Structure formats: structure tokens, C-alpha cells
Amino acid sequence: MITAITIIRLRDLFAVIMLFGLYSLLSAALFVALSAPDVAFTEAVVGAGISTVLMLATLALTSRYEKRPAHRAWLPLAVVLVTGAFLIYGTIDIAPFGAPDNPVHQHVAPRYLEQSGEEIGIPNVVTSVLASYRGYDTLGETAVVFTAGMGVLVLLGGAARRLRRKRREE
Amino acid sequence: MDLLGHYNYWIVIFLMMAGLYTVISRGNLVKKIAGLNIFQTSVFIMFISFGYISGGAAPILEDGVSLYSNPLPHVLILTAIVVGVATTALGLALVVRIREAYGTVEEDEIHVQDEDF
Amino acid sequence: MQHHRILRVVTKFFLPLILLFGLYVQFHGDYGPGGGFQAGVIVAAAMILYTLVFGFGNATRVAPPAILRACSAAGVLIYLGTGVANMLLGADFLDYGSFVPDHRSHGEHYGILAVELGVGLTVASTLLLIFFAFAGRSETEDAD
């Protein structure tokens with residue numbers, strides 16, 4: 001939480017990015033505490049690794065400091081407080097944290113946990129659900145990653161431009 | 001009304017609102033993308049805490065463990081994290097191009113240049 | 001030049017270890033946490049480390065963007081190919097059990113291995129390609 005507040009207040013973007021890496025690492029630790037090692041692994045590598053590196057690269061291509069805001073941000077603060085209040089009101093009826101008989105743990109999840117041993121036979125249930133039971137979604141996700149890569153190439157022209165410039169200089 | 005059982009959701013809501021506030025109020029585009037990422041990560045924390053069972057182990061089948069945490073949110077969040085990094089990369093590429101086109105990444109200066117059209 | 005030398009030596013030491021760990025995570029995704037995505041990102045991060053320390057020119061010589069583009073597409077095609085192969089064997093799309101009809105769980109295992117391979121390949125090459133696109137734009141030599 002403290003990292004989130006500091007990210008908002010700081011104007012030195014380099015420090016903001018470092019704090020963002022710290023925020024991702026803390027989230028990954030939280031995921032481990034919530035018994036989700038797969039997710040913690042992915043969040044740690046992706047958030048504290050790739051996202052941070054890409055933002056640093058963007059910073060190298062743009063300016064490092066943020067301009068001081070021209071006017072006090074009362075309206076966004078009010079919007080955020082009202083939305084937060086509504087969301088907190090919505091959590092009153094939420095099932096208690098960690099109870100085994102929550103509605104989310106019925107129906108499909110016990111079936112996956114029980115049947116995955118015989119039907120697929122690998123210990124990691126998350127991988128078996130990801131790659132076999134919900135394999136179609138993972139196909140879509142791979143396509144999304146590929147498309148994002150192509151989009152970035154269209155926007156930024158790949159590395160070909162710099163290589164061509166280097167070859168011309170040599 | 002189980003107040004103390006919900007405090008983790010309040011923390012998540014606070015993080016979500018912090019991210020939302022960053023996106024709305026700050027004019028610098030890079031900071032907006034950082035705020036968006038904060039928002040995304042807080043939603044992931046919420047989903048994983050939905051899937052948590054007290055005393056449950058990680059969803060890797062082992063002998064001697066009877067209670068597992070729910071694997072379904074883990075799968076969804078795994079996909080969501082990767083899609084999130086894909087959109088962040090695209091967003092940052094757009095920011096770089098905007099900087100080259102307008103010379104700045106501050107939102108109000110971009111608006112001024114657009115109105116001059 | 002002194003601290004550059006230390007960085008180079010340390011990176012040369014660590015890079016094979018990181019790549020080995022990425023390979024381990026890729027293939028042990030069935031038995032522990034891990035799988036295609038994590039492995040792909042780890043390999044991409046190792047290559048980014050190489051680029052940061054040894055320079056953009058060396059990195060593009062090790063991993064030319066043309067090959068990376070091909071790898072990226074190949075990963076998605078491996079995934080699709082597995083599904084189509086299942087259809088050719090008469091079962092539904094992505095029904096891995098049809099690879100070994102007597103022992104469906106073995107077929108599922110093969111299918112998951114192939115699919116994770118495709119995913120890891122695409123993720124690694126795409127993330128590296130994105131980084132090269134960003135780094136190729138900067139005016140200075142170091143992509144810092």
C-alpha cells in the first residue's frame with residue numbers, strides 16, 4: 001500500500017519505476033503466502049522483470065520527470081472515494097476469506113482436483129487445467145502475446161532500422 | 001456482518017482505487033500506464049484471495065495432502081498476467097510514438113497541440 | 001572500464017545458469033510450479049541481461065530479429081498443430097488423449113509437453129523482439 005501511495009506522489013519517473021518493481025515483488029510474495037506458487041512465479045518474473053525493463057526503455061526514449069500538475073485534483077479524488085465506498089459496501093455480503101465451503105470452491109474445482117490425477121496424471125493441477133482442461137484459452141493467450149509482439153513491431157519498426165543504419169556507417 | 005474477515009478485500013479495494021486515481025488524475029502517460037498496472041495487480045490479488053482456502057496447500061498433487069487451494073483462479077490469473085504484460089508493452093510503444101509525434105508525454109500539452117489543428 | 005569488466009565477468013557466469021533454470025522450469029512444469037510462460041519469460045530476461053551488458057550489436061548477432069520473428073510464429077503454429085493433429089486422428093480439437101488411445105493419460109502428457117513448448121517459444125521470442133524494438137529506437141549505444 002505504501003508503495004502505491006509513493007508511486008502516485010513521486011515525480012521522478014525513474015524512482016516510480018523502481019517502486020513499481022518493488023510493488024510487483026511484494027505482490028509475488030503475497031501470492032506465495034496465499035498458496036499460489038505458479039502465479040507468484042509468473043508475477044515475479046513478469047512484473048518485476050519485463051514490465052520494469054520495458055518502462056525503463058520507454059523512459060530512455062522520453063523524459064525522466066513528470067510535470068507538476070497544474071490544478072489540484074479534487075474531482076478524481078472524489079470519484080475515487082465514491083467508487084471505493086461503493087465497492088466496500090459491495091464486500092459486506094462477500095463470503096468470508098478462506099472458508100472451505102465458499103461457493104467458488106464447489107462444482108468445477110473439486111472435479112478438477114479429483115479427476116486430474118487419473119485423467120491426466122501430472123501432479124501440477126494448475127498446468128493440467130491450463131494446458132488441457134482449458135487448453136483453448138491458452139491458445140488464445142499465446143495468440144494475444146504474438147499479436148502484441150506484431151503490434152509493437154508495427155509501431156516501433158523492429159531492430160531493422162538501427163541495424164541498417166549501422167551497416168551503412170560501416 | 002463479518003468485518004474482520006473482510007479486511008483483505010478492503011486492502012485490495014484501496015490498491016484498486018490508488019491505481020484508478022493515478023490513471024485519472026496524473027497527466028504523464030508513463031505514470032498512467034504504471035497506475036493501470038497497479039490496478040491490474042490488485043485485481044489479481046483479489047482473485048487469488050478468493051481462491052484461497054485456510055490451511056490449504058498449493059494445488060500440486062502430493063501424497064499426504066488432503067486440502068488444496070482452488071486451482072481455477074490460479075489458471076485465470078496466469079493468463080491475465082501475461083495478457084497484461086502484452087497490453088503494457090503495446091501501451092508503452094504507443095507512448096514512445098506519441099512522444100516522437102508531439103514532442104511530449106504530458107496529456108495537457110498534447111491536448112493543446114491537438115486543438116491547434 | 002573497470003566496472004564494465006566486473007559486469008561482463010559476472011554476467012558470463014550467470015547467463016548459462018539462468019538459461020538452464022529456464023529450461024528446467026519449462027520441462028518441469030508438470031511436477032512443480034512452472035510451465036511455458038514462466039520459462040519463456042526467464043529466457044527472455046536472460047537475453048535482455050545479455051543485451052544490457054554486451055551491447056545491442058552483439059545481441060542482434062546472437063539472436064537476429066528475423067529468426068525471432070520466425071520463432072514467435074512457430075510457437076503459435078506448434079500449438080495449433082497439436083490441436084489439428086488431434087483432429088486428424090479423429091478426435092476433437094485439442095483432445096490430447098487421442099495420441100495414445102489405450103492410455104489416455106499418456107497422450108494427455110505428450111500433448112501438454114508439446115503445447116507448453118510452443119507457448120514457451122512464442123513468449124520468449126516475442127518478449128525479446130519487443131525489447132529489441134524498444135532498444136533499437138534509442139539514440140545512445142547502451143539500452144539503459
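In this predicted model, the contact between chains A and B takes 72 residues from chain B and 76 residues from chain A. On the side of chain B that touches chain A, the elements giving two or more residues are α1 (7–25), α2 (29–50) and α3 of chain B. Of these, α3(B) has the largest share, 23 residues. By class, that side of chain B holds 45 nonpolar, 19 polar and eight charged residues.

Chain A also touches chain C, in a contact that takes 49 residues from chain C and 46 residues from chain A. Here α2 (36–54), α3 (56–62), α4 (65–88) and α5 (104–137) of chain C each supply at least two residues to the side of chain C that touches chain A. The most comes from α5(C), with 22 residues. That side of chain C divides into 27 nonpolar, 17 polar and five charged residues.

The axes of helix α3 (residues 37–61) of chain A and α2(B) come within 12 Å and cross at roughly 175 degrees. Because angles over 145 degrees count as roughly antiparallel, α3(A) is roughly antiparallel to α2(B). From α3(A), the residues making this contact are A:Val39, A:Glu43, A:Gly47, A:Ser51, A:Met55, A:Thr58 and A:Leu59. They meet B:Val30, B:Ala34, B:Asn37, B:Thr41, B:Phe44 and B:Ile48 of α2(B). By class, the contact has seven nonpolar, five polar and one charged residues.

Helix α7 of chain A (residues 135–156) has 22 residues, which should span 32 Å at 1.5 Å a residue; its end C-alpha atoms are 32 Å apart, so the two values agree. Buried residues of α7(A) include A:Thr138, A:Leu139, A:Glu141, A:Val145, A:Phe146 and A:Leu153. The buried residues of this helix pack against α6 (125–133) of chain A, α3 (71–102) of chain B, and α4 and α5 of chain C. After α7(A) comes A:Gly157, with a positive phi near 75 degrees.

The largest nonpolar core has 110 residues, and those with the most contacts inside it are C:Val41, C:Ala44, C:Leu128 and C:Phe131. Its largest share, 15 residues, comes from α5(C). Leaving aside residues up to four places away in sequence, C:Ala44 touches A:Ile50, C:Ala124, C:Leu127 and C:Leu128.

Methods:
Residues are numbered from 1 along each chain as its sequence is written. Chains are lettered from A and ligands numbered from 1 in the order in which they are written. This is a predicted model: local features need pLDDT of at least 70, side-chain atom pairs count only at pLDDT 80 or more; totals for chains, interfaces and linings use all residues. Two residues are in contact if their C-beta atoms, placed from the backbone, lie within 7 Å. Helices (H or I, at least four residues) and strands (E, at least two) are DSSP runs, numbered from the N terminus. Ala, Val, Leu, Ile, Met, Phe, Trp, Tyr, Cys and Pro count as nonpolar, Asp, Glu, Lys and Arg as charged, and the others, Gly among them, as polar. The expected span of a helix is 1.5 Å times one less than its number of residues. A residue is buried if 20 or more other C-beta atoms lie within 10 Å of its own, exposed if 12 or fewer, and partly exposed in between; C-beta atoms are placed from the backbone. A nonpolar core is a set of buried Ala, Val, Leu, Ile, Met, Phe, Trp, Tyr and Cys residues joined through C-beta atoms within 7 Å. Axes are lines fitted to C-alpha atoms, for helices over the stretch in contact, and angles run from 0 to 180 degrees between N-to-C directions. Angles under 35 degrees count as roughly parallel, over 145 as roughly antiparallel, 65 to 115 as roughly perpendicular and the rest as oblique.
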